[in-house]
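Please open the model in your viewer and keep the selection tool at hand. The stops below proceed from one selection to the next.

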Amino acid sequence: MKPFPFPLFLRCPRCGSPFTAVLGALRCDRGHAFDIAREGYVHLALRSRLVANADTAPMVEARLKFLSAGHFDPLTRALAQHAAEILRDQDPARCVLDAGAGPGHYLAQVLDRVPDRLGLALDLSKFAARRAARAHPRIGAVVADLTQPLPVMDGVAGLGLSVFAPRPAQELWRVLGPGGALVAVTPGPRHLGELIDRIGLLTVDTRKESRLRERMKDLFELRAVDTIEHPIEVSRTEASALIGMGPNAFHLGPEEVERRLQALPDRMELLASFRLHVFMRVAR
Ligand SMILES: C[S@@+](CC[C@H](N)C(=O)[O-])C[C@H]1O[C@@H](n2cnc3c(N)ncnc32)[C@H](O)[C@@H]1O
Ligand SMILES: [Zn+2]
């Protein structure tokens, strides 16, 4: 069994007390215990009413397969570059926290760039946590619900990542320490537009970015916005993975997805378009 790497960053979701690692579990000062799964992640989400939003096993696998092919590497490089700059003068004991980490692809690449840091991958999907636990030796993966108080101690993170995931501004502010920053990525307005048009998928919500700024504005100062845009060439199989890893998989049945995919050419060129926002935590 892979031991859970760093319980000190975490707190009990029932009572907020710190954890100690005991054999195969994390136990808080008041005796609440949470098993560490064989695969090395720990489940700290108390209520599962939102499991409907969590990525399923096929979605996680589709995401990992697509990301591993390197199509979004320019985004990965930009994240790693910002991470190195943000963390340069910070206490190395503070971790990198990825909120809604999925299979841990981006967090793992960021950790490669900042070799003295540990990473926490939070996600509501146990399938994602299972993958993230294996994505890098310095990742600790936790099943946690971003709509609830986070099972993370105050101020332990120097950098937060939020890539296409829910953003609880108040809780991110709490777990980031003074001088901490959040790097948040939203899809650009034309992200994968050709695929969306050809298959009739859900379109990107154009108000995402303004909503993000509105949500963060009292707790964080927007320091920089980068646009990362480049063409990618994908096979029909990869287009299928792109569809499988997104919300369309929820709203179209697998047969309908398959039918629409058959109408695509063997290879097609798409535009990948991201907006990367650097938010600095402000003192209150
Ligand atoms: C679009 S995926 C992005 C994953 C990853 N950041 C990436 O880009 O590869 C969104 C992720 O948010 C997770 N998620 C959705 N609702 C959540 C919640 N309430 N709490 C924690 N994670 C959640 C899903 O399970 C999924 O892994
Ligand atoms: Zn407790």
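Begin by selecting residues 126-135, which form helix H4 of this predicted model. This helix is mostly covered, with eight of its 10 residues buried. Colour the buried set next: Lys126, Ala128, Ala129, Arg130, Arg131, Ala132, Ala133 and Ala135.

Which elements cover the buried residues of H4? Display strands E4 (41-43), E6 (119-123) and E7 (139-143), together with helices H1 (57-68) and H3 (105-113); the cover includes each of these.

Now select Val142. The residues that Val142 touches, leaving aside those up to four places away in sequence, are Leu10, Tyr41, Val42, Leu44, Leu120, Ala121, Leu122, Ala129 and Pro151. Val142 is also among the residues with the most contacts inside the largest nonpolar core, alongside Val96, Leu107, Ala121 and Leu122. That core comprises 84 residues.

Two packed helices are described by the angle between their axes and the distance between the axes. The crossing in which H2 passes H3 is right-handed. To see the contact itself, select Thr76, Leu79, Ala80, Ala83 and Ala84 on H2, and Tyr106, Gln109, Val110 and Arg113 on H3. Coloured by residue class, this contact of H2 with H3 shows six nonpolar residues, two polar and one charged.

Methods
Residues are numbered from 1 along each chain as its sequence is written. Chains are lettered from A and ligands numbered from 1 in the order in which they are written. This is a predicted model: local features need pLDDT of at least 70, side-chain atom pairs count only at pLDDT 80 or more; totals for chains, interfaces and linings use all residues. A nonpolar core is a set of buried Ala, Val, Leu, Ile, Met, Phe, Trp, Tyr and Cys residues joined through C-beta atoms within 7 Å. A residue is buried if 20 or more other C-beta atoms lie within 10 Å of its own, exposed if 12 or fewer, and partly exposed in between; C-beta atoms are placed from the backbone. Two residues are in contact if their C-beta atoms, placed from the backbone, lie within 7 Å. Helices (H or I, at least four residues) and strands (E, at least two) are DSSP runs, numbered from the N terminus. A crossing is left-handed if the near helix is turned anticlockwise from the far one by less than a right angle, and right-handed if clockwise. Ala, Val, Leu, Ile, Met, Phe, Trp, Tyr, Cys and Pro count as nonpolar, Asp, Glu, Lys and Arg as charged, and the others, Gly among them, as polar.
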